[in-house]
Amino acid sequence: MKDTLKLAYVALSRPRYFAGVAMHKENVSDQTILVAARHGWRIVKVEEAYESLSEELSHLTL
């Protein structure tokens, strides 16, 4: 676990514009989400973002 935390620190301390973190919702409490949002994290549910993007792109043909 200690090595994993070190790796996460290094990975998240380098980006200049964007850092993304993905987690299963079962592993994150509602309280943790609220605290993260209060600290400036943008919380995005992937299913909702994917559905929205799919709708936006549905008119395009390849």
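**View 1. Ile33 in helix 2 of the predicted model**. Leaving aside residues up to four places away in sequence, the contacts of Ile33 are with Val28 and Ile43. Val44 stands eleven residues from Ile33 along the chain, and 10 Å separates the C-alpha atoms of the two.

**View 2. The nonpolar surface patch that includes Ile33**. The patch consists of Leu12, Val21, Met23, Ile33, Trp41 and Ile43, which together have about 560 Å² of accessible area. Ile43, one of these residues, is also a contact of Ile33. Leu12, another member, belongs to helix 1.

**View 3. Leu12 and helix 1**. Helix 1 covers residues 2-13. Leu12 is partly exposed because its relative accessibility is 41%. From first C-alpha to last, the twelve residues of helix 1 reach 16 Å, close to the 16 Å expected at 1.5 Å a residue. The number of buried residues in helix 1 is zero, so the helix lies largely in the open.

**View 4. Confidence along the protein chain, with helices 2 and 3**. The mean pLDDT of the protein chain is 82, and 92% of its residues reach 70 or more. Among the elements of the chain, helix 2 (residues 30-38) has the highest mean pLDDT, 93. The lowest, 71, belongs to helix 3 (residues 46-57). Ile33, shown in View 1, lies in helix 2.

Technical notes:
Residues numbered from 1 in each chain as written. Predicted model: local features only at pLDDT ≥ 70, side-chain atom pairs only at ≥ 80, totals over all residues. Heavy atoms only, no water. Patch = residues over 30% accessible without salt bridge, like charges linked within 9 Å, V, L, I, M, F, W, Y side chains within 5 Å. Areas by Shrake-Rupley, 256 points an atom, 1.4 Å probe, with all protein chains shown as cover. Salt bridge = Lys/Arg side-chain N within 4 Å of Asp/Glu carboxyl O. Helix = DSSP H or I, 4+ residues; strand = E, 2+ residues; numbered from the N terminus. Buried < 20%, exposed > 50% of the residue type's maximum accessible area, 1.4 Å probe, protein only. pLDDT = per-residue confidence, 0-100. Expected span 1.5 Å × (residues − 1). Contact = heavy atoms within 4.5 Å.
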